Amino acid sequence: MTRRRQISRRTLLQGIGATVALPWLEAMEPSRAKAGMAAQKSPLRIAFLYHPIGAEATAWKGSTGAGQQLQLSPTLSPLEPVKDALLILDGLSGRQHPPGGHMGAAGPYLSSSSPGKTDAWGAETGLTLDQVLAARISAGVRLRSLEMSCNNIGRNMHSRFISWRAPGVPLGAETDPREIFACMFGDPKGDFYRRSILDVVGEDARRLKANLGRADQGRLDEYLESVRTLERQIEGSGRDSGKRPAPQLAVPEKQPQDLPEYVKLMADLLVLAFQTDQTRVATCILGDETNEGTYARRLAQLGIDKEQFAGKVEAKYLDFGHHSCTHDPVPTRPLIQAYDRWYVQRLLYVLERLRSIREGDGTLLDHSVVVYGCASGGTGWPGHGLKDVACLLAGKGGGLLKRTGRQVQFPPGTPLSNLWLTLLQLAGIERKEFGVSTGSLSDLG
Amino acid sequence: MTGHPSIGWILAACLAFAGLGFLSFFLSFGTVQGAEEVPAENKAVRDVYSQAVRPLLARYCFSCHGEKNPKGGLNLTSFPDRKESAIEPQTWKPVWERVKSRQMPPPGRPQPAAQERERLLSGIEDVFAQHTLDGHPDPGPLHPRRLNVREYRNSLRDLVVARSSQPRRLTYSLAAADGRIRFFDSQPEHVCAFVDRTLPQDTNDGGFDTIGENLSIPPFLMEKYLRCTKILLDEAFSANAKSGGDFAGPWQLRVRWERIQKGPLPKNATLREAVAGLLRELATSAFRRPVTRAEVEKYVQLFDLAQGKGEDFETSIRLPIQAILVSPRFVVLWGDPVVSAEGKATAPVRPLDSYELASRLSYFVWSSPADQELLRLAAQGKLNDPQVIEEQVRRMLKERRVRYGLMEGFVYQWLQLDKLERAAPDAERYAVYFQNNLGELMKRELILFTDTLTFEDRSILEFVDADWGFLCQPLAEHYEIANFPGKKLRDSEGPWYRWKFTDKQRGGVLTMGVVLTGTSQPLRTSPVARGKWILETILGTPPPPPPPDVDNVLKEEKQDNNLTVRQRMERHRANAACASCHRLIDPLGMALETFDPIGKWRDKDQGQPIDASGTLTDGVTFRGIAELKALLLSRKEDVVRSFVEHMLAYALGRKLEYYDAPTVTQITKAVVQDDCKFSRVVVEVARSYPFRQRRLKEVEK
């Protein structure tokens, strides 16, 4: 009941994907030239897609080999068409979950905070990898980074997005596709009105301040600084708004009622952002990571056919949500695996879209790195262990990852932070450590 | 009385408060008088000191804190030599705290009798009471601060959403005789929950999220405020809010603008005037004091601006509403005194004006803005009457808003629910905890209990021990309750019952699963964490943090594997550096050893029988949970005092200082006299001196 109300309140877009699959590339070339990129050389893009609730290990693991001989595990089998672009990384371990368990695992997933350094809720949040990368590789483009989330229910901020500004300070993520569109292609009218509001409240603040004793003025000064910060931001985005080509967008009437539609829209927007070079770094959570029973998505809501489990899973479990299954894992294992496979199919959609777009000497996928995975799962069910979590890379990153199409096994206990450190180094950012890293991974490039 | 400190006092106070920067205050304020002159009132205190306090110090303290090699560098004999020193509150504070928490005198030393201890403490408290600002008691600072996330969320709700759509005051309704709960709405999503997801999280350093020092405004906050209010208005304008036939939905603000939009407008009124009227009403609630027509004009101009650009009514009215909801007059508390030009005021302390008091009451009890009735009383100037305050507080406590106000804000934070919820029992050994969702059910047990205790206005001592509580089948099974009537349903915990406990194994918060689990390690109990929790919440005497060079993690060496928790603790206390504090902490926790890491009753640990006995520093011994509860209840005044201190800190939005001691004592007495009723604490806090006064002169840091 609550869930339905939540979703239907939002006006979601439908079918952006269909209306915007236009040849953007030519339109964007000038802006790339302006950003100082050689016309031939496509820029690096990095996306982090987060798989909610952890992946069940027995079906996720087990990919072997390389090239044509690369055998995909059952969960990864949907990726067969793009397997030459994959780097399947096994053996990596996630960061310590915050108190309260895996549902807060998304918070510290990409965190740079040193071990044990936590926010007010005990989660090891901090400036995240995507933000460190964005500072470098998004230089000169319109949006430093794009934070998206298909998880718009529940109150737990540690489960809803993976981008953080500092310990306890979330960057947040946009859950409304229309907002993302406006954010990418500008909203001059909105900016004008926001500035008018700031004028009025800034005047209020100055008047209050004049009435207060010196020692009491501090908070008002902070408030005014906050007003100025936003004014500068609006000014900056207004400067080049006229030069941006906005795609024609059919105003959607109907909203996606279910997760498949929702994720597809968000995926389309992500690809669009990369294609039009609006940003080069994006993060997105693909679904709900929550233990709030009534909220957890069920098979039907993901469009998974229940019939296929007849005889394999007791009937009573067929109405369990994704999360409930993972805490009753033995009898529900086929269901968990089906949920996992469903998310991997969303990944396939993103990868195929990226590959369908030609850019420079290759495809958009060739110039991107898509990081896919989660911060729990692995071995040690029930309880969402930290060891050997799901993780894979896709795309060649413009040549940074030369030998894709293989599975790589790391020694057990190798921290995910080592991968993050390696990605930073590949992107040309000199760092000796990141988060809980113990070194970089040698076998990637 | 002279009202001015003598020079000797000033010097003493300067020495004592150099760190706090009292120097500039006294220099700018005190009219300096002769060095030898001692004000009469202080002389009286001095007499009490030499007759009542000093002999006790001499008997019990001087042997260590004497002139030669005083322990901890604290020489208590020097105090009376410089007569003025007797009233250095800052110096006395640690003495007072140690004596009160029975850390001093240490065990093995002669202990003062109960009355002697009492006399010593009240003697020191008299000293504290002597600290004044130019003759006024010090109410402490009240600097402007932003609303915390919880308050901002609640405030948006009350300004925009109808009260009838809020969850009820109680989370449940009880079926008649058998105590079965008919309806239980444990965690409804707050209608403005998006605020928690959008704004940066607050810390509750200092115990509560109302501590003003923590509530600064980071540079990016304005962007977040605009985003929050945009989501709010999107929700209010969405198709969903429109539907619902004659139930106009919960969005009362929408109802009001639609009335303007659809007309007919009141006689002789233009659209603009009607809009101005709506905005003025909204601004008066949001800004917490009457807003004039002229003040609202610039907000109305935002409406004009959009209309001039050809926007429709909805788009146009959104602008001024959004501006009001991000205005500093809304998001900053205590920044808008009606007494203007405060900087030039001469009195060091002033009473809050009526509207400030209305807001202080409403943000204390509801964590949201004052309602019509409080604003009406403020307008009539009646709120300063202590009788009126009592009536209002009692009315407010029955309201729905208490749930996300005093309950979520004070009760849960006092019990450290946020930390307890971080429990992470080992998933394999304690699989039952996860399979039956016990963590969630234990939290509900606490919510139901605290709800009832406060709603029925019972004694706050029942937090320590009560013969009633709430259970559902999985919990009853976990707690090994015989003859429990409820059944577990396939996908829920089944019905809850209000249950009468027949022994002391359960009852009160100490024995609740959420507390016992939340203070345990994944695989073992932690008497340290449990003892610390009791000291902090129930007794209000938090142990000092471990010294910096101590490795705080118990070494769990291989050969230790078969040690019971008690044996581990004893090894640990063999270290003298640890023992000085852990002999205060551990015994309390040891009494709870009969509860395992997920709060289940046990008789054995590592195959050995459990010894749940302990000895406190003053030599009192006790064994097991029943005697622990009895011991705590025998120190009723300490328990009440701790509760009062916590609530006062929450209400004032700052850590308590020594000058608050008289207020705390006064409230504690009143509460004990009124059978320790919950409402009495709230009423007395709301009527207390620092709650209703504001320090104007800054004590520079």
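Modeller: Chain A and chain B bury about 5600 Å² between them, with 56% of that on carbon and sulfur atoms. Keep in mind that this is a predicted model.

Biologist: Thanks! How many residues of each chain are in contact?
Modeller: On one side there are 62 residues of chain A, and they touch 68 residues of chain B.

Biologist: And how many salt bridges are there between chain A and chain B?
Modeller: The count is five. One of them joins the side chains of Asp204(A) and Lys298(B), at 2.6 Å from N to O.

Biologist: Which elements of chain A supply the side that touches chain B?
Modeller: At least two residues each come from α1 (2-9), β5 (164-166), β6 (169-170), α7 (188-211) and α8 (218-239). The largest share, 15 residues, is from α7(A). By class, that side of chain A has 27 nonpolar, 17 polar and 18 charged residues.

Biologist: OK, let's look at α7(A). How does α7(A) pack with α12 of chain B?
Modeller: The angle between α7(A) and α12(B), residues 293-308, is about 175°, and their axes are 11 Å apart. Angles over 145 degrees count as roughly antiparallel, so α7(A) is roughly antiparallel to α12(B).

Biologist: Which residues make that contact between α7(A) and α12(B)?
Modeller: From α7(A) they include Phe192(A), Ile197(A), Val200(A) and Asp204(A), and from α12(B) they include Lys298(B), Tyr299(B) and Leu302(B). The contact has eight nonpolar, one polar and five charged residues.

Biologist: Switching topic: what is the angle between α5 and α13 within chain A?
Modeller: Helix α5 (residues 129-137) and helix α13 (residues 416-426) of chain A pack at about 5°, with axes 11 Å apart. That makes α5(A) roughly parallel to α13(A).

Biologist: Which residues make the contact there?
Modeller: Leu129(A), Val132(A) and Leu133(A) of α5(A) meet Trp420(A), Leu423(A) and Leu424(A) of α13(A). By class, this contact has six nonpolar residues, no polar and no charged.

Key. Residues numbered from 1 in each chain as written. Chains lettered and ligands numbered in written order. Predicted model: local features only at pLDDT ≥ 70, side-chain atom pairs only at ≥ 80, totals over all residues. Heavy atoms only, no water. Contact = heavy atoms within 4.5 Å. Buried area = accessible area lost by both parts, 1.4 Å probe. Salt bridge = Lys/Arg side-chain N within 4 Å of Asp/Glu carboxyl O. Helix = DSSP H or I, 4+ residues; strand = E, 2+ residues; numbered from the N terminus. Nonpolar A, V, L, I, M, F, W, Y, C, P; charged D, E, K, R; others polar. Axes fitted to C-alpha atoms, helices over the stretch in contact; angles between N-to-C directions. Parallel < 35°, antiparallel > 145°, perpendicular 65-115°, else oblique.
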